[in-house]
4 protein chains.
Amino acid sequence: MEISTASSVFEPRDPAFESRIRDSFHRQFVMATIGGELQSVEPGVVCIELPFRKELCQQHGFLHAGIVTTIVDSACGYAALSLSEPGRGVLTVEYKVSLIAPARGERFRAIGKVLKPGGTLCFTEGEVWALGGEEESLIARMSATMMGIAEERKRKD
Amino acid sequence: MEISTASSVFEPRDPAFESRIRDSFHRQFVMATIGGELQSVEPGVVCIELPFRKELCQQHGFLHAGIVTTIVDSACGYAALSLSEPGRGVLTVEYKVSLIAPARGERFRAIGKVLKPGGTLCFTEGEVWALGGEEESLIARMSATMMGIAEERKRKD
Amino acid sequence: MEISTASSVFEPRDPAFESRIRDSFHRQFVMATIGGELQSVEPGVVCIELPFRKELCQQHGFLHAGIVTTIVDSACGYAALSLSEPGRGVLTVEYKVSLIAPARGERFRAIGKVLKPGGTLCFTEGEVWALGGEEESLIARMSATMMGIAEERKRKD
Amino acid sequence: MEISTASSVFEPRDPAFESRIRDSFHRQFVMATIGGELQSVEPGVVCIELPFRKELCQQHGFLHAGIVTTIVDSACGYAALSLSEPGRGVLTVEYKVSLIAPARGERFRAIGKVLKPGGTLCFTEGEVWALGGEEESLIARMSATMMGIAEERKRKD
């Protein structure tokens, strides 16, 4: 059920999309705070990983659902950004997250993927895998709508 | 559009519900990490606040949507827990979050509220307000399904 | 928990908003097919009702969730349309529906309400009530994102 | 991006799962009303089709989103039912639907698939394709939570 990468399908409009995303990722200070790592950037598909840390857990020792959401929201947002024009940015409109198994693992991998690109709205989907046991297990699925915005608007605050 | 408190409607099944929730909140280590504060606990309604911190932001200086989700998910989960029987716990099944405005503010208030209680499933709704400007503004709405579980199962890991 | 009407808050941009919505409703042929009735149109709040019919049920004699969704999606869409400029239309981007109780009743009332208006995106919320028993009961809640479009685009098909 | 069938992965608990679903489908009177056709039933994957009819449309001549939802909700529900034990039924708890393109076509195909089975809760995903033009196009995606129930409870009303 892993989302198949579709990089052959999508043509990036900005040849510098990867460096643009890596720059942006470093300005997401929350990623340094929680320990998120940008693993790979392809047109329409972005992967972020996060090592397990007790400091990010809820009361039963699982990674808090909000932290699971943090990495997969960023992965989906950057997947959308990878297909947008130079000078454009992306904001999350809404998402749904299904927490299909407790977030137990040594490491977590979030994959965001564009389902349908668009200048105004971009539909994305994501998933989060727990790594480190005998096998990888799917722990969450996200369905997210992203909105393209002028980067200037994003920066003005 | 603020969710009206309905504490008069719901009768807690565990007279010690508040101390149970405060104990659990202290075991949510992610709350200490991000600076979340448990403000109030009523039957079916829980409020958590979070001061703004740059270390929790995305690339434009807004609070990351995943952190917004973290506090409102916990507020909704504890709202559900406030109505559950002694010895029972709660896990989040799924949620949808609408990010209706950028998370800009000095402080954020998440309110979780039970829409319909139940032993197996509990429907909750939440909202997040940005505080500190001229006026409070609603920045996010959550619709979340919680599942009741035996607390033992939660602790076994 | 009923959504409070906020008609005093919202100022319609098109003085003919009500007739525009009533015209559009009559072109929603699915409403005639299922028996939906447009009850009231206020700025930002629209109500649609539907009498129970066996022909709209699932296998246990409840109204099918998709039919519940049909009336509350239209109510939310028209709530958004009531605040849009003349010549603009509305399309549904996405929704989440929580089915908090079986759709059992003699009649169903869907109320759609604007949470946050906007030219590009409009956030709405809806609810569905079952009528006809001893008391009204809330059976569903919707959270929906609507997108404003040029009416010409909508008509071109 | 079509959901890969995973029938080899899931083992049905009721050898009569297909006839059970076909019987139930015939009791979903809404399906006869709108013209829904049960195409295929495999363990964990169910397909329902619907020919285009003007009587099911919204104001621009597209299939109403609620009707799109009706067929994909049933497909997801029956996908969950295909893996449940004899004598058990299924109710929809909640779903999110992303309407990624207008529902324009001669025919619509809804595919529901189990993401994670379970006795209490079953996570499913669905998609709807428009058929009949030059090529098939994906018009909607669903993420739905189903709840297992005793069939007796479902019938008692």
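A residue is called buried if 20 or more other C-beta atoms lie within 10 Å of its own, exposed if 12 or fewer, and partly exposed in between, with C-beta atoms placed from the backbone. Helices (H or I, at least four residues) and strands (E, at least two) are DSSP runs, numbered from the N terminus.

This is a predicted model, in which local features need pLDDT of at least 70, side-chain atom pairs count only at pLDDT 80 or more, and totals for chains, interfaces and linings use all residues. Residues are numbered from 1 along each chain as its sequence is written, while chains are lettered from A and ligands numbered from 1 in the order in which they are written.

**Stop 1**

Select residues 121-131 of chain D, which form strand β5. Is this strand mostly covered or mostly open? It is mostly covered, with 9 of its 11 residues buried.

Two strands pair if DSSP finds at least two bridges between them. Find Gly112(D): its bridge partner in β5(D) is Gly126(D). A hairpin of 4 residues joins β4(D) to β5(D).

Thr124(D) stands opposite Ala144(D) of β6(D). The hairpin formed by β5(D) and β6(D) has 5 residues between the strands, and Gly132(D) in the turn has a positive phi of about 110°.

As background, side chains in a regular strand alternate between the two faces of the sheet.

**Stop 2: two helices, one from chain C and one from chain D**

Select residues 65-81 in chains C and D; these are helix α3 of chain C and helix α3 of chain D. Their axes come within 8 Å and cross at roughly 160°. Axes are lines fitted to C-alpha atoms, for helices over the stretch in contact, and angles run from 0 to 180 degrees between N-to-C directions. α3(C) and α3(D) are therefore roughly antiparallel to each other. For such angles, under 35 degrees counts as roughly parallel, over 145 as roughly antiparallel, 65 to 115 as roughly perpendicular and the rest as oblique.

Which residues of the two helices make the contact? From α3(C) they are Ala65(C), Gly66(C), Ile67(C), Thr69(C), Thr70(C) and Asp73(C), and from α3(D) they are Ala65(D), Gly66(D), Ile67(D), Thr69(D), Thr70(D) and Asp73(D). Two residues are in contact if their C-beta atoms, placed from the backbone, lie within 7 Å. By class, this contact of α3(C) with α3(D) has 4 nonpolar, 6 polar and 2 charged residues. Ala, Val, Leu, Ile, Met, Phe, Trp, Tyr, Cys and Pro count as nonpolar, Asp, Glu, Lys and Arg as charged, and the others, Gly among them, as polar.

**Stop 3: the sheet of chains A and B**

Show chains A and B and colour the strands. An open sheet of 12 strands has the order β1(A)-β2(A)-β4(A)-β5(A)-β6(A)-β3(A)-β3(B)-β6(B)-β5(B)-β4(B)-β2(B)-β1(B), with antiparallel pairing. Its edge strands are β1 (37-42) of chain A and β1 (37-42) of chain B, each of which pairs on one side only. From one strand to the next, the twist averages 20°.

Where the chains join, 5 bridges link β3(A) to β3(B), and these strands run antiparallel. Ser98(A) stands opposite Glu94(B) in β3(B). Within chain A, strands β5 (residues 121-131) and β6 (residues 137-150) pair in the antiparallel sense over 10 bridges. There, Glu127(A) has Arg141(A) as its bridge partner in β6(A).

Then select residues 17-27 of chain B, helix α1, which lies across β1 and β2 (45-51) of chain B and runs at about 160° to β1(B).

**Stop 4: Leu56 of chain A**

Select Leu56(A), in the loop between β2 (45-51) and α3 (65-81) of chain A. Why does Leu56(A) count as buried? Leu56(A) counts as buried because it has 26 C-beta neighbours inside 10 Å. Leaving aside neighbours within four places in sequence, Leu56(A) is in contact with Ile34(A), Leu63(A), His64(A), Ile67(A), Val30(B) and Thr33(B). To end, select Glu37(A): its C-alpha atom is separated by 15 Å from that of Leu56(A), and the two residues are 19 residues apart along the chain.
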